[in-house]
Amino acid sequence: MAHEIIMPKAGIDMTEGQIVKWLKKEGDPVTEGEIILEIMTDKTSMELEAEASGVLLKILRHDGDTVPVTEIIGYIGQEGEEIIPQEVEKKPVEEDVVDKSMTRLEDSYNVIVIGGGPAGYVAAIRAAQHGAKVAIVEKKEFGGTCLNLGCIPTKAYLKSGEIIQGMEMAASRGIIFESTNYKIDMPKVVQHKNTVVKKLTSGVEALLRSNKVDIFKGVAKINKNKDVVVDDSTVIKGDKIILAGGSKVSRINIPGVDNPNVLTSDDLLALEVLPETLAVIGGGVIGIEMAQAFEALGTKITVIEMMDRIIPAVDGEASELLTKLLKKRGVKIMTSTKITEIADKKGKVEVKTEGGESVIADKVLISIGRLPDMEGIGEIQFEMERGRIKVDKYMETSVKGIYAPGDVNAIKMLAHVAFRMGEVAADNAVKGNHRELKLHSAPSVVYTHPEVAMVGLTEEEAREKYDIRIGRFDFAANGRAMASGDNYGFVKVIADSKYGEILGIHIVGPAAAEIIQQASLLMEMEITVDEVIKTIYGHPTYSEALFEACADVLGEAVHIIKKQK
């Protein structure tokens with residue numbers, strides 16, 4: 001069968017490329033690995049190699065043509081060979097999606113992936129890279145919660161807020177606007193967010209196609225025969241299954257929660273009218289990110305948290321500083337507060353608390369976390385643990401041959417962790433269980449302003465297990481932070497007293513989400529604080545704060561005022 005030549009996707013943002021020049025003519029012999037044409041994208045030019053040997057049978061798109069990524073631009077085959085498009089049996093030509101009217105698909109796969117979120121699409125691509133024949137089933141949009149309803153949309157909103165805050169501080173830097181009046185066009189805010197999301201979701205789908213993964217759209221469930229059934233009609237047979245169903249919004253069971261003005265994070269990100277007031281139930285990562293994003297756009301925010309501090313999973317000092325800065329921005333924060341009822345209040349919403357205090361707002365955001373989405377389980381009985389699918393270190397479930405990476409196992413519900421779980425599951429599904437999941441160097445990030453990031457143990461956790469030393473450096477003493485006017489926060493390094501092994505690093509401040517990657521690498525490579533300070537860090541950089549904190553563990557930090565004994 002003739003081999004397709006496609007316009008490659010050189011990067012997730014690439015949507016099309018231009019053919020600069022074909023280096024071969026129809027009928028010319030080609031060898032696998034030989035350069036056959038030159039293409040150009042909006043960022044770079046590149047050469048395309050032949051992926052098979054034979055004859056250039058047909059050129060479909062010519063010099064100067066601009067072509068969408070993954071479109072077929074030519075064919076390589078044997079001389080005189082008839083060109084037959086390579087496609088899934090009975091699949092529509094215009095889209096790599098199986099016709100859902102089929103009652104059964106007799107084709108069989110090495111690996112079937114349920115779910116196109118971070119764990120699922122990475123697992124599908126990884127399995128295909130190993131040479132497996134792979135199918136993936138997705139019921140909505142590719143990219144999962146993070147891309148469509150979480151990480152990416154909130155960052156788009158937070159960036160808008162960052163721009164507004166930059167305008168507010170401009171005068172102090174000598175930049176004087178004749179007028180500082182502005183207004184928020186919420187439909188455009190939503191449109192921009194949707195544009196970003198659409199570009200990324202289409203990019204994921206293009207990546208799958210370029211790796212020859214067959215795409216099915218619909219709700220997938222596993223039947224008792226360990227086949228995957230799509231929309232109760234199409235049956236897909238496979239050797240191994242990777243169940244990456246992701247997660248769904250968790251709901252709170254209190255009277256009045258069904259009020260139409262009570263929203264999930266999914267609902268809030270679709271609002272085209274900015275609420276004047278918003279009550280946020282839940283002061284975790286999602287709730288606080290949403291609170292800050294909408295506060296910056298002009299909404300008056302009240303956060304109601306049942307625990308004694310916001311974002312309880314992060315370092316206590318980090319939580320305390322973030323609380324202080326949010327309150328400075330006008331955000332009201334109520335901790336150790338239990339909600340008893342949500343009531344209608346003349347078109348607004350009244351949130352009643354156990355202490356008797358009520359919060360009245362235009363909208364209420366329920367943000368108390370997420371739950372594993374178990375829809376794909378179907379007729380299979382898995383061993384469960386606290387409402388999640390139990391997996392071993394290989395990501396395999398109690399049912400042999402079925403793996404469950406990502407949020408469905410609820411081990412650590414983060415997109416970047418799901419990426420790694422997907423890789424591990426795919427490696428083991430294709431090549432046999434040999435690769436173990438290791439998460440000790442996986443970071444967590446809260447994309448507030450300032451950002452909060454952590455990896456490893458908190459100070460409280462470390463003190464329970466080790467004799468420790470603490471190093472700390474404030475961004476108030478960092479030259480880059482001072483020059484940027486972004487000098488709130490600190491870096492805290494927790495190390496073992498005996499060996500100097502780094503046990504945890506916590507950052508509040510500018511570029512924390514980027515600096516934490518260095519911290520993760522230090523922990524993964526088991527580098528001690530003594531070894532860190534042998535490295536020369538660039539100046540002036542935010543990263544110097546990490547170096548100084550490591551030096552402070554040893555009492556050798558230069559840019560810290562020496563404490564008088």
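Reader: Is T353 buried or exposed?

Author: Buried means under 20% relative accessible area, exposed means over 50%, and partly exposed lies in between (1.4 Å probe, protein chains only). T353 has a relative accessible area of 8%, so T353 is buried. This is a predicted model: local features need pLDDT of at least 70, side-chain atom pairs count only at pLDDT 80 or more, and totals for chains, interfaces and linings use all residues. Residues are numbered from 1 along each chain as its sequence is written, and side-chain values use heavy atoms, with hydrogens and water left out.

Reader: Where is T353 placed, and which residues does T353 touch?

Author: Helices (H or I, at least four residues) and strands (E, at least two) are DSSP runs, numbered from the N terminus. T353 sits in strand β21 (residues 348-353). Contact means heavy atoms within 4.5 Å. Leaving aside residues up to four places away in sequence, T353 touches M334, T337, K338, I339 and T340.

Reader: How do the axes of α3 and α4 cross?

Author: Axes are lines fitted to C-alpha atoms, for helices over the stretch in contact; angles run from 0 to 180 degrees between N-to-C directions. Helix α3 (residues 151-169) and helix α4 (residues 186-210) have axes that come within 10 Å and cross at roughly 140°. Under 35 degrees counts as roughly parallel, over 145 as roughly antiparallel, 65 to 115 as roughly perpendicular, and the rest as oblique. α3 and α4 are therefore oblique to each other.

Reader: Which residues make the contact?

Author: From α3 come I152, P153, A156 and Y157. From α4 come M186, V189, V190, H192, K193, V196, V197 and L200. Ala, Val, Leu, Ile, Met, Phe, Trp, Tyr, Cys and Pro count as nonpolar, Asp, Glu, Lys and Arg as charged, and the others, Gly among them, as polar. The contact residues divide into ten nonpolar, one polar and one charged.

Reader: How many aromatic pairs are there?

Author: Rings of Phe, Tyr and Trp (its six-membered ring) pair if their centres lie within 6.5 Å; planes under 30 degrees apart count as stacked, over 60 as edge-to-face and the rest as tilted. The count comes to four aromatic pairs. Take Y121 and F419: ring centres are 6.1 Å apart and planes stand at 70°, so the pair is edge-to-face. Y121 lies in helix α1 (residues 118-129) and F419 in helix α8 (residues 415-431), 298 residues apart. Y121 counts as buried at 12% relative accessibility. F419, at 31%, counts as partly exposed.
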